[in-house]
Amino acid sequence: MIDLKCNFMARQKTDYNIENELCVKDILAERGLLMKDFAEQIGITRETLTRALRGNPQYSTLKAIAEGLGVNVYELFKERTVQRPQTDIHGCIYVDGEPNLIESKSDIEHLLKELNANH
């Protein structure tokens, strides 16, 4: 299996709030669910759910929320638009169920090297 590594840049803003990144409230509203009822459905109090959405939720809490909504954890986060340079290659290749974003010839060459080394 190919190991994908991600590098995250630290935010320079000090007023970061995860609530601005999560779309759980939007999903609940779309489905006509109240936070109180949903929290009860997944076995926590409304206060616990509210704190999780405003603070620094543990992955296990995010996973419970996602499972309760029938979505993947990544779908709890708002989609971001990323400006990328124009290229002729755009795609995603799944290897052993893991996505590999392809945006250049070098991405393809790198993936092929990893595949040849690991398979």
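Trainee: What pattern does the protein chain follow when read along the sequence?

Mentor: The secondary structure of this predicted model comes to five helices and two strands. The two strands are β1, residues 91-95, and β2, residues 98-102. Read along the sequence, the elements give the pattern α-α-α-α-β-β-α.

Trainee: How many bridges join strand β1 to strand β2, and in which sense do the strands run?

Mentor: Strands β1 and β2 form a hairpin. Within this pairing, Val95 stands opposite Glu98 in β2. The strands run antiparallel, and the number of bridges joining them is five.

Trainee: Is Cys23 buried or exposed?

Mentor: The relative accessible area of Cys23 is 13%. Buried means under 20%, so Cys23 counts as buried. Cys92, by contrast, has a relative accessibility of 40% and counts as partly exposed. The class of Cys23 is therefore buried.

Trainee: Which residue forms a salt bridge with Asp37?

Mentor: The structure holds two salt bridges. Asp37 itself is partly exposed, at 37% relative accessibility. In its salt bridge the closest N and O atoms are 3.9 Å apart, within the 4 Å limit. The partner of Asp37 is Lys36.

Trainee: What is the N to O distance in the salt bridge of Glu47 and Arg46?

Mentor: Glu47 counts as partly exposed at 41% relative accessibility. Arg46 is likewise partly exposed, at 40%. Their side chains meet in a salt bridge with an N to O distance of 3.5 Å.

Trainee: What share of the accessible surface of the protein chain belongs to carbon and sulfur atoms?

Mentor: Of the 119 residues of the protein chain, 23% count as buried. The accessible surface of the chain comes to about 9,400 Å². The share of that surface belonging to carbon and sulfur atoms is 50%.

Notes: Residues are numbered from 1 along each chain as its sequence is written. This is a predicted model: local features need pLDDT of at least 70, side-chain atom pairs count only at pLDDT 80 or more; totals for chains, interfaces and linings use all residues. Side-chain values use heavy atoms; hydrogens and water are left out. Buried means under 20% relative accessible area, exposed over 50%, partly exposed in between (1.4 Å probe, protein chains only). Two strands pair if DSSP finds at least two bridges between them. Helices (H or I, at least four residues) and strands (E, at least two) are DSSP runs, numbered from the N terminus. Accessible areas come from the Shrake-Rupley method with a 1.4 Å probe; for residues, only the protein chains shown count as cover.
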